[in-house]
Amino acid sequence: MENLTLEQINNMDAESMRQVLRNAVIERQRAEQAEAERQKAEAEAKAKEEERMDNFFAGKLKNQSPRFGDQY
């Protein structure tokens with residue numbers, strides 16, 4: 001949001017003030033939406049990485065696990 005002085009605010013007409021406030025609200029909503037999308041993408045990437053690592057280690061342990069009976 002742009003920095004306005006009290007004199008500029010006092011000299012604004014109603015329509016200009018509405019436009020300034022509307023722009024500020026739209027800018028804030030866009031920033032909040034971008035942050036929410038970023039957090040969602042981070043969470044999805046973390047979940048995929050955890051799943052990949054779980055599968056990797058499950059495969060490693062399965063291949064090297066002790067066998068019973070005549071299997072080694």
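User: What separates E32 and R28 in helix α2?

Analyst: E32 and R28 lie four residues apart in helix α2, so about one helical turn separates them. The model is a predicted one, in which local features need pLDDT of at least 70 and side-chain atom pairs count only at pLDDT 80 or more, while totals for chains, interfaces and linings use all residues. Residues are numbered from 1 along each chain as its sequence is written, and side-chain values use heavy atoms, with hydrogens and water left out.

User: Why is the contact of E32 and R28 called a salt bridge?

Analyst: The term requires a side-chain nitrogen of Lys or Arg within 4 Å of a carboxyl oxygen of Asp or Glu. For the side chains of E32 and R28 the N to O distance is 3.5 Å, and the contact therefore meets the definition. Side chains of opposite charge can pair when their charged atoms come close.

User: Why are E32 and R28 called partly exposed?

Analyst: A residue is buried under 20% relative accessible area, exposed over 50%, and partly exposed in between (1.4 Å probe, protein chains only). E32 has 48% relative accessibility and R28 has 46%, so both values fall in between the two cut-offs.

User: How many helices and strands does the protein chain have, and what makes a run count as one?

Analyst: The protein chain has two helices and zero strands. These are DSSP runs, numbered from the N terminus, and a helix (H or I) takes at least four residues whereas a strand (E) takes at least two.

User: What links E42 and R38, and which network includes them?

Analyst: The side chains of E42 and R38 form a salt bridge with an N to O distance of 2.5 Å, and these residues are four apart in helix α2. Together with E35, they are linked in a network of salt bridges.
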